[in-house]
Amino acid sequence: MIKITIDGIETEVPENMTVLEAARTVGIDIPTLCFLKDINEVGDCRMCLVEVEGARGFVPSCMQKVTDGMVIRTNTKEVNDARKNVLELILSAHEKKCLSCIRNGNCELQDLAQKFGITDVEFDGAINNKQIDDKSTSIVRNTAKCVLCRRCTSTCQKVQEIGAIECVNRGFDSTISTAGNKSLAEVNCTFCGQCIQNCPTAALHEKENIDEVWEKLKDENTVVLVQTAPAVRVALGEEFGMPIGTNAQGKMITALKRLGFNKVFDTNTGADFTIMEEASEFINRVLKADKKKPLPMLTSCCPAWIRFIEMEYPEYLANLSSCKSPHEMFGAILKTYYAEKNNIDPKNIYVVSVMPCVAKKFERQRPEMKNEDLYNVDAVITTRELAKMIRQANIDFEDLTDSGFDNPMGEATGAGAIFGTTGGVMEAALRTAQDLLTGKDLEEIKFEEIRGEKGIKRATVNVNGKDIRIIVASGLGNARKVMEMVKNGTAEADFIEVMACPGGCIMGGGQPIKSSKTRRKYDVRKLRADALYTIDEKSTIRKSHQNPVLQEIYKDFFGEPNGHKAHELLHTSYAKREKYL
Amino acid sequence: MEENKCKCGNSSKDKFMGDLFKDFKPEKDNLIQILNSVQEHYGYIPKHAQEAISEFLNMPMAEIFGVITFYSRFTLEPKGKYNIAICLGTACFVKGSEKILDRAKERLKIEPGQTTEDGLFSLEETRCVGACGLAPVFTVNGEVYGMATVQILDQVIDQIMKENA
Amino acid sequence: MNTIEKIHKIREEKRKELELRIKTNCDTREKHILVCHGTGCTSSKSPKILENFRKILEEKNIENVRVIKTGCFGLCAKGPVVIIRPENTFYAHVKPEDCEEIIQTHIVENKRVERLLCKDIDGKLVEKLDELEFYKKQKRIVLKNCGVINPEDIDEYIAFDGYLALEKVLTQMTPEEVIEEITKSGLRGRGGAGFPTGKKWLFARQAQGDQKYVVCNADEGDPGAFMDRSVLEGDPHSVIEAMMIAGYAIGANEGYIYVRAEYPIAVKRFQIAIDQAKEKGILGKNIFGTDFEFDLHIRLGAGAFVCGEETALLESIEGRRGQPRLKPPFPANSGLWKSPTLINNVETYANITQIILNGADWYSSIGTEGSKGTKVFALGGNVNNIGLVEVPMGTTLREIVYDIGGGIPNKREFKAAQTGGPSGGCIPAEYLDTPIDYESLKEIGSMMGSGGLIVMDDSKCMVNLAKFYLGFTVDESCGKCNPCRIGTKRMYEILEKLTNGEGTLEDIKKLEELTKTVSKASVCGLGQTASNPVISTLKYFRNEYEEHAADKKCSTNECKKLAKIEINPEACKGCGLCQKSCPVGAIEGEGPGTKRHINQDKCIKCGTCISKCPFKAIH
């Protein structure tokens, strides 16, 4: 511990702490903009400048480490003026269309302007280079709203290790862009959407699909079915002021019904199907050595991960499970089995998926995701978009009563719920695989070693006398590390689960955006993950293959898992994709 | 499409790139050195070279593009047959090189950084070519014209136009 | 024979041969024709001159005359320059077709080609180089070999005590003693801020690390400064030797020199120098029989002024966008690839061998209290003798501009001198007698910078000049931090408004506020000093700003948009041609013979009428 003085307060803090962190220990919240712990520590925005006795000029508190006896002043007129002037400069170059901005009310720049009491921007002049990229299915870029904080590029380059975006040009013309200033759709972007999660403004945001959903909801001839991913229910409440980690499933369903969806279903049921198919596929791969179906098997429910393999490791496409992702499987079932049962022309069915993800918007329109010339899913909206629709419909979310999912497809297992967090798919698959292989109903269903926040987790599970070596990775940077291990033969794994977003779908690119301040105060990932594990624990059925809905549909419709019909509707294949068009 | 892609110099089109890579280890530190060579050879950094470098150094294209667009020596488009560069270093500026630049813009009807439609001329503002003793200067394809005037520029442009008519 | 002995032998033999280069009273029948191959002279065809001399000598079968390419003599305004030794005759503005006459008249007939001799300011013909006023007040330490030796021949460098300092250091001095000597000399960094060089070396020596690096900053980006280039072109080995000495002192065995790619000649000569030093066994392992080893690499810049900032330079060497790093950590502790790294600029290194050979006391006897040694300036702008000058610290601006520079041409008045380039400021006439050193320049709102010294006469508008520098900074800001990226742009926009006659007094206030924010809040030296041209012109020429803002007037007429076009009623014959040509109908007056006048509210200052007037009545 070392002694320092901040604004006259003498205190002791650990060595290696930054001035910013040290100030927080005594209740001083120095403003920041570009700073994101461990991801973007660059000291560029200059909002966190402080005075340090003996130092030449102002010092960025986010980078400056404390030293013994350091005297720091965070609140002098000089330093406040400098910060305010810099903020005004940032505002002067920013496209200030706040009232019509997608981030209005949830913008860190707006928060700062308010905090500093800026009523009028003193400087005027050219605004940042304007480049709008709305060509991709998932992400929209508007560089005129960019504050050049580099939080997105750091995330893309250092966390996800993709490097689809970078700062290009120089000086005032600097802008965040892609190789050749192309659309994200034409470069190596996987659409994971982590850049959106880290953008303090609306320079990066999802491509909205709300309008077409409203359109279909109005159309009386269309049966509009909605399904919601596991991660959505544990985050949606945040958009309405509920604590992080609140399970708002009941209110969410009520809201969806009020919005006019004909039926509200649970993607968790789709996840149960995925487990049936994927676990069976895995057992087949283990039992039958087939060059066309090699090990390790790679999970396939994450669309950004699929894009990643298609572009970066096409030589391992055969290792990908052929299973479609849960909502696509569910969509396929709704337009076949469900349509048949309820006597609806599948052409009149419109399936909407509410997802924590923007890559799902891309997945939805892949040509592979069609049966009988109909898309399995017709629209994907994110958790944020759903919240927006609820607000647009004047629904007071917090006061809603709970409802349940519609039957007969509404029943899902705890295994389906944990799909939303890293390790969840693997855990769910193991529960089913071990039962299928042993023919028993085993009680050991918790796999602690693959839970938690670590980016790469390893475990060996003995199933029916055979050791199954597994790896669970989340975040594409970790995924790349794992794939390199696979490539150089050091992976030693039979089954690998990957989710592109660090922490899994609960931290997906379509989830409510948390400010850097909130992220500092709360472990958002853990709170949301815990909520999912609680759902699992409270479920009466926690193994996918025991889901009665699923059992009935297999009996009535599909026959065997991995059977002919299942293959036709629930499986697909992928092909190499050029990184740069 | 496929044959345009460089596989480290195996296709004949990219023999230059393949040969160039023999001089370098595949380390990111070498990016600027490689780009300098490419700029020198092609007069700009073509996309196929960017792709080849991306593969050779195993780095994303965006990062390479970020470097190219940071340094003013690197250009993304081929220059004209005659590249006129007006020195705007202080010594030249004080001696009125701005007037020469204005004249060049007027004559060629292009802005600095652009190339005329017929590909004959491109115009560039440069910082100090080091011939301060001869200020103001401009260069045409590297050849220095010292103690320059608007008249000298006109003569040079007229001469080139005549030769290429 | 070991390396030391071999080098001693070369020095001894070669020195005799080259005595005539530095002495006029040599007992020799040989003559050396030195042809300047600095960038300036090269661009005005000095290689052709060299070729012609050699051809003619061969044709005429003349012996005992050698033609040698050298680095820059300094007096670039008189280029291409040819000097004939030992008599030291200085020929200016030589053309390739003059070679014949020079050989015939000077060499064969032993007369002088008078038409090619230089005239001094007073119009007197001057034959010898050192008789020129331009040279009299100079003291050449850094440039001592420039224009004397062939930079592409290591033996010529060795002849004039080259690599003797290295030998001394490796065989007689401990690293600590070397650092002590440099510290005692009082040498300060010549790159701009003037940090004490010895201290920098000491920090790098004390830093922990198995691998350390020595870096030479040759990214001379200051527009109008070319001293580093001249050293690299004229005396590359002096930098190599100094970098090796630095390597020995701090414990580094690898060095990088970062040179602008826009300096092809410098790059080529430096590479030749490295190759020759390796060949001689000077660079490599077991240097001079000791266990010291050193390797040296060239890295080319690619056109970014900010890479002259030391941490941006490191980023660039590592292959990235040249965006400065935050300091601390300083490069001495965490530099190239996070290893302890010593960075000095070319001119700083070029002083080292002389300090080692002549001693710290000798060096510190030159200059002022706080600034020792000499400083090389690239003298340019509205001054007669444009070129490179090296003067003791403490020389006054007046001496440089008037004695060395030969004053202001075209009978105009001195208005200001600009030092430090875009990081520096303008010095008005009232400070002409200030002795120049690091402190005094800072006190009067400028800085040493790398050594550009641009003289401006009274035809220059200071608001426009500030705009020029800000334009440069806007172009060259890396874009990393907001105060510099946006702040310089906003300053530029205000200056543009002022020079266009759209500015207000309020804008001047905003400008002042911006200078403070940008100086105080920017990350690196570029941003922190970017406001200096504005601050200093505002300080000394505020009236010009106010004139632009309040009266929409530019007394120098440099700001075109503020220029008024008027018709001289005395000269106007009322032909009406101007009226017909005016695109906006701003010219009033009717009928033949009626004098026309311009409605200033309508006039767009296109100037069409001026060119149409047959009587030159419009100005």
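This is a predicted model: local features need pLDDT of at least 70, side-chain atom pairs count only at pLDDT 80 or more; totals for chains, interfaces and linings use all residues.
## Chain B: elements and dimensions

Read from the N terminus on, the elements of chain B follow the order α-α-α-α-β-α-α-β-β-β-α.

The C-alpha trace of chain B spans about 50 × 35 × 25 Å along its principal axes, and of the 165 residues in chain B, 47% are buried. When contacts in chain B between residues at least 6 apart in sequence are considered, 57% of them join residues at least 24 apart. The domain assignment divides chain B into domain 1 (2–70) and domain 2 (82–163), and the centres of these two domains of chain B, taken over C-alpha atoms, are separated by 30 Å.

## Where chain B meets chain C

The contact between chain B and chain C draws on 31 residues from chain B and 39 residues from chain C. On the side of chain B that touches chain C, the elements that give two or more residues are α2 (31–42), α4 (61–70) and α5 (90–94) of chain B. Of these, α2(B) supplies the largest share of that side, with 5 residues. Sorted by class, the side of chain B that touches chain C has 17 nonpolar, 10 polar and 4 charged residues.

## Where chain B meets chain A

The contact between chain B and chain A takes 10 residues from chain B and 15 residues from chain A. Here the elements giving two or more residues to the side of chain B that touches chain A are α3 (47–57) and α4 of chain B, and the largest share of that side, 7 residues, comes from α4(B). The class count for the side of chain B that touches chain A is 5 nonpolar, 2 polar and 3 charged residues.

## Chain A: overall form

Chain A has 20 helices and 20 strands. The radius of gyration of chain A is 25 Å, close to the 25 Å that the globule rule gives for 581 residues, so chain A is as compact as a globular protein of that length. Taken along the principal axes, the C-alpha atoms of chain A fill a box of roughly 75 × 55 × 50 Å.

Of the 581 residues of chain A, 54% count as buried, and among the contacts in chain A with a separation of 6 or more, 74% are accounted for by residues 24 or more positions apart. The domain assignment of chain A gives domain 1 (2–90), domain 2 (122–206) and domain 3 (211–570). The centres of domain 1 of chain A and domain 3 of chain A, taken over C-alpha atoms, are separated by 43 Å.

## Chain A: helices in detail

Helix α9 (residues 267–287) of chain A packs with helix α11 (residues 326–341) of chain A at an angle of about 100 degrees, and their axes are 7 Å apart. That angle makes α9(A) roughly perpendicular to α11(A). In this contact A:Thr267, A:Thr269, A:Gly270, A:Ala271, A:Phe273 and A:Thr274 in α9(A) meet A:Pro326, A:His327, A:Met329 and A:Phe330 in α11(A). By class, the contact of α9(A) with α11(A) has 5 nonpolar, 5 polar and no charged residues.

Helix α10 (residues 303–312) of chain A is mostly covered, with 7 of its 10 residues buried. The buried residues of α10(A) are A:Pro303, A:Ala304, A:Trp305, A:Ile306, A:Arg307, A:Phe308 and A:Ile309. What covers these buried residues of α10(A) includes α12 (359–364), α16 (476–487) and β20 (495–499) of chain A.

## Chain C: domains

The domain assignment of chain C gives domain 1 (16–132), domain 2 (161–364), domain 3 (374–457), domain 4 (462–550) and domain 5 (564–619). Taken over C-alpha atoms, the centres of domain 2 of chain C and domain 3 of chain C are 27 Å apart. The contact between them takes 13 residues from domain 2 of chain C and 14 residues from domain 3 of chain C. On the side of domain 2 of chain C that touches domain 3 of chain C, the residues divide into 4 nonpolar, 5 polar and 4 charged.

Technical notes:
Residues are numbered from 1 along each chain as its sequence is written. Chains are lettered from A and ligands numbered from 1 in the order in which they are written. Two residues are in contact if their C-beta atoms, placed from the backbone, lie within 7 Å. Helices (H or I, at least four residues) and strands (E, at least two) are DSSP runs, numbered from the N terminus. Ala, Val, Leu, Ile, Met, Phe, Trp, Tyr, Cys and Pro count as nonpolar, Asp, Glu, Lys and Arg as charged, and the others, Gly among them, as polar. Domain bounds come from an automatic or database domain assignment. The radius of gyration is taken over C-alpha atoms; the globule rule is 2.2 Å times the number of residues to the power 0.38. A residue is buried if 20 or more other C-beta atoms lie within 10 Å of its own, exposed if 12 or fewer, and partly exposed in between; C-beta atoms are placed from the backbone. Axes are lines fitted to C-alpha atoms, for helices over the stretch in contact, and angles run from 0 to 180 degrees between N-to-C directions. Angles under 35 degrees count as roughly parallel, over 145 as roughly antiparallel, 65 to 115 as roughly perpendicular and the rest as oblique.
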